[in-house]
Amino acid sequence: MKKIMIVDDEPGVLYTVKTGLEALDDSYEVITVESGKECLDHLEEANPDLIILDLMMPGMSGWTTYDKIRDQEKWQKTPIIFLTARTDDIAKRAGNFLAEDYLEKPVDVMVIKERIEKLMNKNKEK
Amino acid sequence: MKTYLSLSLKLTLIVVAVSASVIFSLTLYNINDQSISFENIYVDKAKDTAAALEIFRNETITNTSFPAAINSIQEQNNDSIEYIHFFEKKQDNIILAHSTNSSEYDGNHDEYVLLSMNESKIVKITSSNTKKITVIAPGFSSTNQSFAYEFSYLTTDAYQILQQRSTNLFLISGASLFILIFSVLFLLRHTIVKPIIQFRDAAKIFGKGNLQTRIPLSSNDELGELADAFNTMAEDLEKSRETLEEYNKILERLIDQKDAFIGQLGHDLKNPLQPLIGLLPILIQQEKDPKMKEHLKVMNENAQYMKELIFKTLELAKLRTEKISFEFDKLPLSETVDRVITTQKPMLEKNNISISNLIPKNIFMYADTLRLQEVFKNLITNAVKYTPDNGGKISISAKEKKDYVQVSITDTGIGMSKEQIKKIFDEFYRADSSTHGQDSVGLGLSITKRIIEKHNGKIWAESNGKDKGSTFHFTLPKKGEKNQ
């Protein structure tokens, strides 16, 4: 069972990723949350293997959410994929992240799946 | 080349020429006048002397008594008489009867002696070296015209005085010429040249965009009218510029609103696309019915096309705003092209098109890495799009110029007509309207052009015509400030 948590304020994105991933592979369980705050609140309870995080959200932004997740020791190694509607946001902080860490919206779920598997395998090797 | 002659210089030349000719002709006239009156003194003297001699001649006309008389007259006379000839008319012959110095008589005086039998006249003014004046005076009353005297006076002192006077006159006229020239020039400078310089300076400042410039000149002449006309024009222009600036502000605000609108619209258009882009590939993969699968593929293609259209439109809108910032780096050109070619390999192989990078390794240019890669990607995609997939070739080369690098991308494709070349960089323009795929939104070259222009470069296209291939050239600065 692969537990994926997706954080996005767009219901369309949450629906697409959840439906798509679960349709592609029975072993996926996708937990959807609609804000950074909700993500932090449910993190312990959901216990995801990987987090997909939208960068542009009202309230707590993706960057803040990312920092708050990483602040907790338990979640320091959990792979995180950023979703963004604007590539130039990424370019600003490109120095800190690899290209494989983010995907541009609208995303193809098959591409998400490939990326998830790549990152999780890499994590296993460590 | 046209030589620059300042107005002051021209006016000076004119004033000098006019005043000099006026003053000097007046002076010369004056000197001439003086010398005539000076000469008349000798004519009078000659008359007096002649009258005195007549008394002697009437008493005793002898060769001995006459010279004695002459001598006594000469002694009485302050002016030194050099010689006196006495002419006597007998029948038609003129005879020199007596002379104090016969050697002076050259025998050629016949004519003017005849003329002067009843009239005193200067017959000869010798050169300035000898300074002599020779006067003929009638020897008898008008009833008897048989005698005439010729007196030759030595005039050295008198001439010297006359010369001194002339010199003085020249000096005085020279000085007054000087004063005249300077006062006329001073007047001209203040009434004409200075206002004209004011006009020139005002026009220069005005031309630089300072529309508040006015000419503070009030004179009741044409220059005053000119200043008024200038000031009125300046006021009108200032007003119309203000109006234009207002319009410009409105336009800028509208453009900002438009960009914000496109940005928002693009963002809002992306969201509903998410389920289509996200799920259609999965549906295609999982659909068993081949007919349904085909339908889904068409849907997917259109969704992808829509996505491309939205992305490119957003990018173009973004490139149009001044706010966008580029990060300039010194980039090795050949390596950059290699990197783009690698990402484009699958597409090139699919279309059976070969590509060669002919750029020398040592060429560098200042550009934003990601944007430059996009330029190459767009130009290669464009070349592939218009090159039939039967072994076409694309080559990329570059030349270094003084301040910039010129890159050329040549293909062996369908080429372009002159009309097509003109429109090729227009938004949504497609050289071949039948080409219609997900890569063919028609914005790639517009985006490329904007990127190049943001780098202070130029882009243009060339083609020898239909089926003769196309070449796209662009230039980028070789050196540049690293901004940010």
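Me: What makes H7(B) and H8(B) a crossing pair?
Reply: Helix H7 (residues 333-350) of chain B and helix H8 (residues 369-385) of chain B have axes that come within 10 Å and cross at roughly 40 degrees. Axes here are lines fitted to C-alpha atoms, for helices over the stretch in contact, and angles run from 0 to 180 degrees between N-to-C directions. Both are helices by the DSSP rule: a helix is an H or I run of at least four residues, a strand an E run of at least two, numbered from the N terminus.

Me: Before we go on, what kind of model is this, and how do I read the labels?
Reply: It's a predicted model, where local features need pLDDT of at least 70 and side-chain atom pairs count only at pLDDT 80 or more, while totals for chains, interfaces and linings use all residues. Residues are numbered from 1 along each chain as its sequence is written, and chains are lettered from A and ligands numbered from 1 in the order in which they are written.

Me: Which residues make the contact?
Reply: From H7(B) they include Val337(B), Val340(B) and Met347(B), and H8(B) brings Phe376(B) and Ile380(B), among them. Two residues are in contact if their C-beta atoms, placed from the backbone, lie within 7 Å. The set divides into eight nonpolar, three polar and two charged. For that sorting, Ala, Val, Leu, Ile, Met, Phe, Trp, Tyr, Cys and Pro are nonpolar, Asp, Glu, Lys and Arg are charged, and the others, Gly among them, are polar.

Me: How do you know that the span of helix H5 of chain B agrees with its number of residues?
Reply: The expected span is 1.5 Å times one less than the number of residues. With 65 residues (222-286), H5(B) should span 96 Å, and its end C-alpha atoms are 93 Å apart, so the two agree.

Me: Where does chain B touch chain A?
Reply: The contact takes 13 residues from chain B and 17 residues from chain A. H5(B) gives the largest share of chain B's side, 12 residues. That side splits into seven nonpolar, four polar and two charged.

Me: What about Asn456(B)?
Reply: Asn456(B) has 12 other C-beta atoms within 10 Å, so exposed again. Its phi is near 65 degrees, also positive.

Me: How many residues of each chain count as buried?
Reply: In chain B, 24% of the 484 residues; in chain A, 30% of the 126 residues.

Methods
A residue is buried if 20 or more other C-beta atoms lie within 10 Å of its own, exposed if 12 or fewer, and partly exposed in between; C-beta atoms are placed from the backbone.
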